[in-house]
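Good morning, colleagues. Please look at the model on the screen while I go through its packing and its surface.

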Amino acid sequence: GYHLASILRNPCLIAGDQGLIDTYMAITVKILQADGGKMAQQLAQETLEENIGRFSEKKGIEENVTARLIDVKKEIYRFPAVAVDCLALSSHIIPTTVWKTIEEMENQQVISPNNAHHLMVLTSISAELRLRTYIANG
């Protein structure tokens, strides 16, 4: 699943004072960027170490995706979000939403416009698959 640190890094204002969110985010960014971004680098490294096995496991040559049920959220939807998150943190960019993060990485020339487009398409397709799965399964 997601870590508390990742969830707390992305607050959502439903009602109340936008200034409080702005102050909170300023403090969060300051902490992640302190000491040359050491905390952000550590968070990216831990996330990669935790997820690398999940995304690189071999399920058996004879078994393909159609031969088994898959957890769309864990096996398809989460991969692009985790990859974008880790790339951003490793590039000294504080991730927000996946789409805004991709845009910021493109603006800071961490990725090319073409790669930004590919990441947007990948993320959009994975989000659509997740939504369609939720709709189909109630």
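Leaving aside its neighbours within four places in sequence, which residues is isoleucine 102 in contact with? With contact meaning heavy atoms within 4.5 Å, they are Val84, Ile111, Ala116, Leu119, Met120 and Thr123.

Two remarks on method come before the details. This is a predicted model, in which local features need pLDDT of at least 70 and side-chain atom pairs count only at pLDDT 80 or more, while totals for chains, interfaces and linings use all residues. Residues are numbered from 1 along each chain as its sequence is written, and side-chain values use heavy atoms, with hydrogens and water left out.

I turn to the overall fold. The protein chain has five helices and zero strands, where helices (H or I, at least four residues) and strands (E, at least two) are DSSP runs numbered from the N terminus. Of the 138 residues in the chain, 25% are buried; buried means under 20% relative accessible area, exposed over 50%, and partly exposed in between, with a 1.4 Å probe and protein chains only. Among contacts with a separation of 6 or more, 53% are between residues 24 or more positions apart.

Next, the interior. In soluble globular proteins, nonpolar side chains tend to be buried together. The largest nonpolar core here has nine residues: Val84, Ala88, Ile93, Val98, Ile102, Met105, Ile111, Ala116 and Leu119. Such a core is a set of buried Ala, Val, Leu, Ile, Met, Phe, Trp, Tyr and Cys residues joined through side-chain atoms within 4.5 Å. At least two residues of this core come from each of helix H3 (72-90), helix H4 (98-107) and helix H5 (113-137), and H4 gives the most, with three. There is also a second, separate core of six residues, including Leu32, Ala40, Ala44 and Leu89.

Threonine 123 belongs to helix H5. Is threonine 123 buried or exposed? Threonine 123 counts as buried, because its relative accessibility is 4%. Beyond its neighbours within four places in sequence, threonine 123 touches Pro80, Val98, Trp99 and Ile102.

Now the surface. Leu4, Ile7, Leu8 and Tyr24 form a nonpolar patch with about 390 Å² of accessible area together. Patches consist of residues with over 30% relative accessible area and no salt bridge, with like charges joined within 9 Å and nonpolar side chains (Val, Leu, Ile, Met, Phe, Trp, Tyr) within 5 Å; the areas come from the Shrake-Rupley method with a 1.4 Å probe, and for residues only the protein chains shown count as cover. Helix H1 (residues 4-8) provides the largest share of the patch, three residues. Tyrosine 24 lies in helix H2 (residues 18-56) and is partly exposed at 33%.

How many salt bridges does the structure hold? It holds one, a salt bridge being a side-chain nitrogen of Lys or Arg within 4 Å of a carboxyl oxygen of Asp or Glu. The side chains of glutamate 128 and arginine 132 form it, at 2.7 Å from N to O. Both residues lie in helix H5, four residues apart, about one turn of the helix. Glutamate 128 is partly exposed at 38%, whereas arginine 132 is exposed at 53%.

Finally, the cysteines. The structure holds zero disulfides, a disulfide being a pair of cysteine sulfur atoms within 2.5 Å. Cysteine 12 is exposed, at 64%, and cysteine 86 is buried, at 3%.
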